[in-house]
Amino acid sequence: MVSDFVIASSTLGMITISLGFYIYGSWLIITSDPVTWRVLSRHLQYISIGLVLTTAPLLGWMFPRLLSRFGGILTIHGILGLQAYAFLLFAVSGIVPIIRVKRRHELYTGQGADVVIDDLHEDIRTWRIRLRIGIVGYLTFWVGSYFLGGIYYLNRYLL
């Protein structure tokens with residue numbers, strides 16, 4: 001049987017690696033003007049990998065053990081993590097209408113990869129603001145949860 005230390009170390013490693021995917025995916029969007037569908041698609045590939053690397057250990061290891069370890073720093077860690085995912089859902093409420101508009105304009109076929117996003121619909125700026133608020137909130141709470149989880153890891157397994 002694999003020890004808690006090995007699983008905790010693997011979890012911390014996966015979540016730390018996901019940070020690199022988040023940073024690179026964010027850099028793609030921040031440095032692109034205008035943001036085209038080609039840029040957005042590439043961005044989403046990296047962000048999706050980061051989400052999988054974060055969510056898999058959450059669902060597979062952290063969440064099932066939540067009630068047995070609830071208290072102190074883990075309570076705050078869990079609350080911050082839940083807030084991060086709440087902001088992620090808010091971001092999804094912005095990206096879903098954007099994807100619908102993309103389908104309506106048949107941009108999934110590979111044609112129009114250089115179409116400027118803001119030209120597709122009159123409400124797209126509002127959806128993008130919702131998306132940005134959700135992303136900033138997610139990353140803010142994710143970083144807070146990550147640091148508290150790291151502190152817990154240090155205290156429990158290394159000190």
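**Helix packing and an aromatic link in a predicted model**

The chain of this predicted model has an average pLDDT of 87, and 94% of its residues score at least 70. Within the chain, confidence is lowest in H2, with a mean of 89, and highest in helix H4 (residues 124–158), with a mean of 93. Where pLDDT is low, the predicted coordinates should not be read in detail.

The packing of H2 against H3 may be considered next. Two packed helices are described by the angle between their axes and the distance between the axes. For helix H2 (residues 37–62) and helix H3 (residues 73–104), the axes come within 13 Å and cross at roughly 145°. This crossing of H2 and H3 is left-handed. On the H2 side, the contact is made by Trp-37, Ser-41, Leu-51, Thr-54, Thr-55, Leu-58 and Met-62, which meet His-77, Tyr-85, Leu-88, Ile-98 and Lys-102 of H3. Sorted by class, the residues of this contact are seven nonpolar, four polar and one charged.

The length of H3 can be checked against its residue count. At 1.5 Å a residue, its 32 residues should span 46 Å, and the C-alpha atoms at its ends lie 47 Å apart, which agrees. After H3 comes Glu-106, whose phi is positive, near 55°.

Aromatic side chains provide a further view of the structure, which holds twelve aromatic pairs. One of them joins Tyr-24 and Tyr-46 in an edge-to-face arrangement, with 4.7 Å centre to centre and 75° between the planes. Because Tyr-24 lies in helix H1 (residues 4–30) and Tyr-46 in helix H2, this pair ties together parts that are 22 residues apart in sequence.

Methods:
Residues numbered from 1 in each chain as written. Predicted model: local features only at pLDDT ≥ 70, side-chain atom pairs only at ≥ 80, totals over all residues. Heavy atoms only, no water. Axes fitted to C-alpha atoms, helices over the stretch in contact; angles between N-to-C directions. Helix = DSSP H or I, 4+ residues; strand = E, 2+ residues; numbered from the N terminus. Left-handed = near helix turned anticlockwise from the far one by under 90°. Contact = heavy atoms within 4.5 Å. Nonpolar A, V, L, I, M, F, W, Y, C, P; charged D, E, K, R; others polar. pLDDT = per-residue confidence, 0-100. Expected span 1.5 Å × (residues − 1). Phe/Tyr/Trp six-rings, centres within 6.5 Å; stacked < 30°, edge-to-face > 60°.
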